[in-house]
Amino acid sequence: MDITLSPIIAGTMNWGVWNKKMTTAQMTSLMHSCLEYDITTFDHADIYGGYTTESEFGAAFSASGINREDIQLISKCGIQHTEGRDNKVKHYDYSKDYIIKSVEGSLQNLHTEYLDLLLLHRPSPLMQPDEIAEAVAQLKADGKIKSFGVSNFTNSQTDLIRSRTEVSCNQIQFSATHHEAMLDGSLDYMQVNNIKPLAWSPIGSIFKTDDSQAIRLKLLLMELVVKYEVTADVVLLAWIRQHPSGIVPVTGSTNPKRLKNQMKATKLTLDTEDWFAIWTESMGHKVP
């Protein structure tokens, strides 16, 4: 099943207590700003904020007056955190009952009757594909999810799940500083199997560190922002979107002006040599 998502997705991990500690009014305002800029997809996980951010978002969504049909909601399940729950050890749970219970909790927290996309948050060595498929089938039959996918799964792990049920998306780490999926066959695999890649942390670590890779990329970006008359984050998002697999970046920004600016990436096509220059500086050597 094809799923329609906005060209850039708003990640909500930073909205709550894990970072910005936004109020209901601030969340509502940010939702309206996102829609104004054609960012209509919101990415959640049950664990965000120690299992609190979904409910805070849901309260804001309920107060926003936004039509449910005008947005898409993604959530992830499977991680059993020690924060917010009485777990001694962080672990994963992909039993049928837990997946269904987790989705029902997300629906209640988000004040919605369905998720547009449910993702398994991280692969577990103990996951049973038949049990996962049964949960997905029931959730779809009950109208509680429209589409199903995975997150941080390898090709073989995805194949295991695909042997029992359709997988429409895989949310992976991908950026100019973390481009392994472009080289290990992951993005090729997704293209062949009609799986839409979503990229978390799409700006990468360029502005979080001063290692040699970051320094090289910053020097190049100084030239490219002048050439294309956009900010560095727009160049980096455009670089991701230019890959033929159709990667959709999940931005973590909560700044409305920055979100509006980042949407310029949807209209920017880098010259081929500039695209390769970013990859070259990331690797620290010429392409093979």
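Predicted model: local features only at pLDDT ≥ 70, side-chain atom pairs only at ≥ 80, totals over all residues.
1. Ser 106. Start with Ser 106, which sits in helix H4. Ser 106 counts as buried because its relative accessibility is 3%, and buried means under 20%. Leaving out residues up to four places away in sequence, Ser 106 touches Asp 46, Glu 54 and Ser 75.

2. H4 against H5. Stay with helix H4, residues 96-110. It packs with helix H5, residues 129-141. Two packed helices are described by the angle between their axes and the distance between the axes. Here the angle is about 35 degrees, and the axes are 8 Å apart. The crossing of H4 past H5 is right-handed. On the H4 side, the contact is made by Lys 96, Ile 99, Ile 100 and Val 103. On the H5 side, Glu 131, Ile 132, Glu 134, Ala 135, Gln 138 and Leu 139 take part. Sort these residues by class and you get 6 nonpolar, 1 polar and 3 charged.

3. His 111 is placed in the loop between H4 and S6. Most residues other than glycine have a negative phi, and most peptide bonds are trans. His 111 is not a glycine, yet its phi is positive, at about 60 degrees.

4. Find Asn 194 in the loop between helix H7 (186-192) and strand S9 (196-200). Asn 194 counts as exposed because its relative accessibility is 58%, and the cut-off for exposed is over 50%.

5. Salt bridges. How many salt bridges does the structure hold? There are 10 salt bridges. One of them joins Asp 43 and Lys 76, with the closest N and O atoms 2.8 Å apart. This pair links distant parts of the chain. Asp 43 belongs to strand S2 (residues 41-43) and Lys 76 to strand S3 (residues 72-77), 33 residues apart. Are Asp 43 and Lys 76 buried or exposed? Both are buried.

6. Asp 116 with Arg 68. The side chains of Asp 116 and Arg 68 also meet in a salt bridge, at 2.9 Å from N to O. Asp 116 lies in the loop between H4 and strand S6 (117-120), and Arg 68 lies in the loop between helix H3 (53-64) and S3, so this pair ties together parts that are 48 residues apart in sequence. Asp 116 and Arg 68 are each buried.

7. Asp 233 with Arg 258. Another salt bridge joins Asp 233 to Arg 258, with the closest N and O atoms 3.1 Å apart. What does this pair tie together? Asp 233 is in helix H9 (residues 232-241) and Arg 258 is in helix H10 (residues 256-262), so the bridge ties parts that are 25 residues apart in sequence. Asp 233 counts as buried, at 8% relative accessibility. Arg 258 is partly exposed, with a relative accessible area of 35%.

8. Nonpolar cores. In soluble globular proteins, nonpolar side chains tend to be buried together. The largest nonpolar core here has 74 residues. Which of its residues touch the most other members? They are Phe 174 and Trp 239. H9 gives the largest share of this core, 8 residues. Not counting residues up to four places away in sequence, the contacts of Trp 239 include Phe 174, Met 182, Leu 270, Trp 275 and Ile 278. A second, separate core has 10 residues, among them Leu 5, Leu 198, Val 248 and Val 250.

9. Pro 123. Last, look at the loop between S6 and H5, where Pro 123 is placed. Pro 123 counts as buried because its relative accessibility is 18%, and the cut-off is under 20%. Leaving aside neighbours within four places in sequence, Pro 123 is in contact with Tyr 92, Ser 151, Asn 152, Phe 153 and Gln 157. Pro 123 and Gly 49 are 74 residues apart along the chain, and their C-alpha atoms are separated by 21 Å.

Note on methods:
Residues numbered from 1 in each chain as written. Heavy atoms only, no water. Axes fitted to C-alpha atoms, helices over the stretch in contact; angles between N-to-C directions. Helix = DSSP H or I, 4+ residues; strand = E, 2+ residues; numbered from the N terminus. Left-handed = near helix turned anticlockwise from the far one by under 90°. Contact = heavy atoms within 4.5 Å. Nonpolar A, V, L, I, M, F, W, Y, C, P; charged D, E, K, R; others polar. Salt bridge = Lys/Arg side-chain N within 4 Å of Asp/Glu carboxyl O. Buried < 20%, exposed > 50% of the residue type's maximum accessible area, 1.4 Å probe, protein only. Core = buried A, V, L, I, M, F, W, Y, C linked by side-chain atoms within 4.5 Å.
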